[in-house]
Amino acid sequence: MTKARKPSISARKQPKQARSSELVAVILEAATQVLAREGAHRFTTARVAEKAGVSVGSLYQYFPNKAAILFRLQSDEWRETTALLRSILEDRGMLPLDRLRALVYAFVRSECEEADMRAALDDAAPLYRDAPEAREARRAGDSIFQTFMLELLPDTAEAARDMAVDLIETTLGAVGKRFSETPRTETEIAAYARSMAEMFCAYLEKLAVESRR
C-alpha cells in the first residue's frame, strides 16, 4: 500500500526584491493573526489571503499550501529560540550555571508571553513535525546546548551529557508549556523559573562530582 505523500513545506520561491519581501512579510503577519484568532484547525490559505488583502494566487507564489505557511511561522519561532540560546549560553562573561539560570528564566518568560501562538503552532505541528526541514531546524538548538554542556561537564561521559541535554530541553518545553497555559504575573514567572533552574543546577552539579570520582 502506498503511503500518502506529505505536502511540501518549503517555500516556492524566496523574495528577491523589496516589494516581494514586503508582500511575504504582510502574508506572515496576516497568518500570525489568523492563527491566533482561528487556531490551527480553522487556519486556511484563503483566510490568510483575505486578511493580508492579497489574492490566493499571490500567496501561492511563495507558499504552496497552509503547511508551508505554518512551518515558516514555526521556523521563525525556532530561530528566535536558537538566538536566545546562543546569546545566553555562549556568554563567557557569566559562570556556566548562571547562564543556565538566565536561560531558564528567559525561556519561561517567553513561553508565557507567547502562550497562545505557541499553543496554536503545537496544534499545527503534525503537518510538518517529521519533515527533514523541521529536523534540521531543531538540530541547531541541540548543538548549542551540547557545546555548553561540554564546557560545563568536560569530564562527564558523552552519553551522560547527551542525556542531560535531552532532559533539560524536554523538561523546559513540557513544563514551560503547561505553566504558560495559565496567565502568570512577573513574580510567579521569576519564582517558578528560579525553582526549575535550581533543580537543573543540582542535577548538573551532581554529575560533575560523580565524573571526578
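Modeller: Helices here are DSSP runs of H or I, at least four residues, strands are runs of E, at least two, and both are numbered from the N terminus. Keep in mind that this is a predicted model, where local features need pLDDT of at least 70, side-chain atom pairs count only at pLDDT 80 or more, and totals for chains, interfaces and linings use all residues. Residues are numbered from 1 along each chain as its sequence is written, and side-chain values use heavy atoms, with hydrogens and water left out.

Colleague: What makes something a pocket, and what volume does the largest pocket have?

Modeller: On a 1 Å grid over the protein atoms alone, a pocket is an open set of points with protein on both sides within 12 Å along at least five of seven lines, whereas a cavity is a set where a 1.4 Å probe fits but cannot get out; lining residues have an atom within 4 Å of a point. The largest pocket comes to about 1000 Å³, the volume being the space filled by probe spheres set on the points, which are joined across faces, edges and corners. Its lining has 32 residues, with Glu77, Trp78, Phe107, Asp122 and Gly173 nearest the centre.

Colleague: Why is Ser180 called buried?

Modeller: Buried means under 20% relative accessible area, exposed over 50%, partly exposed in between (1.4 Å probe, protein chains only). Ser180 has 9%, so Ser180 is buried. Cys112 at 18% is buried too, and so is Cys201 at 1%.

Colleague: Which residues does Ser180 touch, leaving out those up to four places away in sequence?

Modeller: Glu111, Cys112 and Ala115; contact means heavy atoms within 4.5 Å. Ser180 itself sits in α8, residues 158-180.

Colleague: Last one: how many helices and strands does the chain have?

Modeller: Nine helices and zero strands. Of the chain's 213 residues, 40% count as buried. Among contacts between residues at least 6 apart in sequence, 71% join residues at least 24 apart.
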